[in-house]
Amino acid sequence: MSQPIDSRINDYINEYLTSKGYSNTVNTFLQERQDHQEPIDEINNENLDKKEKEKETYNTIKENMLKQLDDGNREEFFQLWSEHIPSNIVNNDSTMKSLEFLIYTHFAVYYLRSNISDNNELLAQENMEVFKVYIESIRGRAISQTSDLLPLFALPYVTEPEKHASFQELFSDEWPVQLRIKVSNFLDWIFSNRSSPNLVELLQNGARASHVLVQLNNENEELKYRNRETSRQLKNLSTDYYNLINITMELVETLQQAIVGKTITNDYIDNVCARLLLARTQESMSNMLNSSQLGTDDPFIEKLDYGKIKRDIVSISTSAREKALLLQALRWKLTKAKSDFQREKMLESFIGCDLLGCRSDIEQQAKIIKQLSSPIGSDAYYVKEEWARLINTIASLRKGRNYLAPNESLIISMQKAAISEASDTLIKQHLLAALQKLSLRRSVQTIMINQNTIKWLIPLLSHTDRLSDYTLEYGVALLMNLCLRTNGRKKCAEIAEQAITVLSSLLTHPNQETRPYVNSSLYSILTLKSIRDRAMSLNLDNHLRSLIRVEKTNSETKGQLEFLLNLLLKGGDQDGRQTSDNEQDNDDEDQDIMEADLDLADKLRATDKELSGDILIDEHYISQKIPPNNKLQRATTNNMKSKSTNDPVLHRPTTPGHVRQSMAAHAVDSLVNSLAMDDLYRSHSDGFDSIIYTDSTKKTFFIK
């Protein structure tokens, strides 16, 4: 017999209070229920006891694991780790993988610490060997390419690391303490998800159901909007089709009459041409009208005063900080959009108002170029950096590249601004990344080749110790895209020795994300006989052989190296394999490539008296908010296509953004930028716990 609803609710309340330890309240509550002669679910009480015992068990496991961590008992700790920590959580989450990495680091140096009384050299060597094997097992993953963690990969190969200056923080007394806090928080999170009171689960399920309904409603509205757009386009296509069919039938009849000798007058030909021209003109005018109104009548986006925005981002009366904060807010409209659809509509609004003057607003374009070219002051630096970030963000989207690519003056000014940066600043990083993304367009490749971009990139890439991973990856990828063109390879031939030397050294760089671009760049330039001859004189063949011999772990890399060696030795006309200079841009392979790096390390912060982000936009530039029922609240889902190929080198322009855009890369960056753990807190999203690490400033890879 089922319980009355009131009794079930009271049982859930009783269970919840018990789980939270409100024993006095529980006793009083149970007594009052008995006084009211209310039936109490004995099975539920058994569940309470069972869950309470589970909680005690998990606390015991946690304390045991922390004790093994404190005592340096590696085998015992990882035995418990493997028994109680789901492997899919660690393997599929880069943040958790980073935690595992730091735990291995802790055990590797445990017996090398000065405050450990038992300096067991045998265990110290064994732990370091285990750490070395672990490093080899994760080589090539995203975490192994993180610049802030890379120094730790050298730990097993350094003699007496406890005395080495690079590892002073690692051997400090605070490091293991903070790691312990982090492990403790992680275990709390893991075990708290194992058993929840029914009342909590009920509320969580209700919240999730509500979220699903909102999501379905938003998807429905989006589909309705897209359906209207598709119907309009289909109607236009149908009209054009029937018009062309009618004209074609007339032309066939006219041709038949011409065969039998009937004269075709010039007036008739002019009439047909006028009708065809009218159709094209109407289509062109329709496209221009739609383009000029992008976002202006869209029910899914806010109505902003773009005229005021355009004035303020270039006006001399707007202070440098005001410009920087406004540019930052505009970027966040794209990077922090709640869905791809919302991001796309916002970008269309930017394009529709010609925000950067890439279409017809020449005056706007000139003022922006002037800001990119201006000398850097204290606040002016932020303006230049925010411009670089915004342009990089727009270039990350296909429609954004379509908008920016025709603006030759802006592209040239971006390159000059990047070159003018003496060191690897954030300005240089974002401008270089934007140029690389734009190099997916052949017209932009031509501009860059004519502007001697290759002769700037080669010397830049020769100093990898001064470059961030971001600069290195986009720099090599840009070089590859330009070398796919015949004129690009000819530019390399002019500096053949330097190009071969730089690319040859990059073959052994620890950042394996650059390997495909380096290999393809070498393949492209080695199709020229003059460069092959120079490469042979520089013993590139011997260098490739030695790399092939030592490459044991990555069969794909080994195959690429063998492919290069074969080309170098056998030569022949390989140029047909390269991208044709007459080939068109392939929009199917030209995907949106939003990445976490667009917002990372942004130190611009509003003071108490300043506004920023959406608050700034709402206060000064908004004319109409999105209707509540049209707000899209789905999680972002970036589309990313991958295509497999048997060809060991790349033959089409591509960008590192496809790799860097993953959420895992974002998680690793957020972790290594904030290993201090001072700001560790919990957040609840859709009923699931998640550990979040917050810190906006760049820190060393050590825990402080």
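Arginine 331 is buried, at 0% relative accessibility; here buried means under 20% relative accessible area, exposed over 50% and partly exposed in between, with a 1.4 Å probe and protein chains only. The model is a predicted one, in which local features need pLDDT of at least 70 and side-chain atom pairs count only at pLDDT 80 or more, while totals for chains, interfaces and linings use all residues. Residues are numbered from 1 along each chain as its sequence is written, and side-chain values use heavy atoms, with hydrogens and water left out.

**Salt bridges**

Side chains of opposite charge can pair when their charged atoms come close. A salt bridge is counted when a side-chain nitrogen of Lys or Arg lies within 4 Å of a carboxyl oxygen of Asp or Glu. The model has 26 salt bridges by this rule.

| Pair | Closest N to O distance |
|---|---|
| Arginine 331 and aspartate 602 | 2.6 Å |

Arginine 331 forms a salt bridge with aspartate 602. Arginine 331 belongs to helix α12 (residues 320-335) and aspartate 602 to the loop between α27 (555-570) and α28 (613-620), so the pair ties together parts that are 271 residues apart in sequence. Helices (H or I, at least four residues) and strands (E, at least two) are DSSP runs, numbered from the N terminus. Aspartate 602 is buried as well, with a relative accessible area of 4%.

Lysine 345 and glutamate 348 sit 3 residues apart in helix α13 (residues 340-352), a separation of about one helical turn. Both lysine 345 and glutamate 348 are buried.

Glutamate 497 is partly exposed, at a relative accessible area of 42%, and arginine 534 is partly exposed at 31%. Elsewhere, salt bridges with shared partners join Arg331, Glu386, Asp599 and Asp602 into one network.

**Helix α14 and the cores**

Helix α14 (residues 362-373) has 12 residues, and at 1.5 Å a residue it should span 16 Å; its end C-alpha atoms are 16 Å apart, in agreement. The expected span is 1.5 Å times one less than the number of residues. Gln364, Gln365, Ile368, Ile369, Gln371 and Leu372 are the buried residues of α14. Viewed down the axis of α14, its buried residues fall within an arc of 160°, so they line one face of the helix. The arc is taken from the directions from the helix axis to the C-beta atoms. Ile362, Glu363, Lys370 and Ser373 are exposed on the other side of α14.

In soluble globular proteins, nonpolar side chains tend to be buried together. A nonpolar core is a set of buried Ala, Val, Leu, Ile, Met, Phe, Trp, Tyr and Cys residues joined through side-chain atoms within 4.5 Å. The largest nonpolar core has 98 residues, of which Ile313, Leu356, Trp387, Ile391, Leu404, Leu410 and Met414 touch the most other members. Helix α21 (residues 469-483) gives the largest share of this core, 8 residues. At least three residues of this core come from each of domain 4 (303-451 + 595-623) and domain 5 (476-574), with domain bounds from an automatic or database domain assignment.

Leucine 410 touches Leu356, Cys358, Ile368, Ile369, Leu372, Ile391 and Leu404, leaving out residues up to four places away in sequence; contact means heavy atoms within 4.5 Å. A second, separate core of 39 residues includes Leu69, Trp81, Phe101 and Leu187.

**Two further buried residues**

Lysine 62 is part of helix α3 (residues 42-71) and is buried, with a relative accessible area of 11%. Beyond four places in sequence, lysine 62 touches Ser184, Leu187, Asp188 and Phe191.

Glutamate 100, in helix α6 (residues 94-109), counts as buried at 9% relative accessibility. Glutamate 100 is in contact with Trp81, Val90 and Tyr134, its neighbours within four places in sequence left aside. The C-alpha atoms of glutamate 100 and valine 183 are separated by 9.3 Å, and the two residues are 83 residues apart along the chain.

**The chain as a whole**

The protein chain holds 30 helices and 4 strands. Of its 704 residues, 45% are buried. Among contacts in the protein chain with a separation of 6 or more, 77% are between residues 24 or more positions apart.
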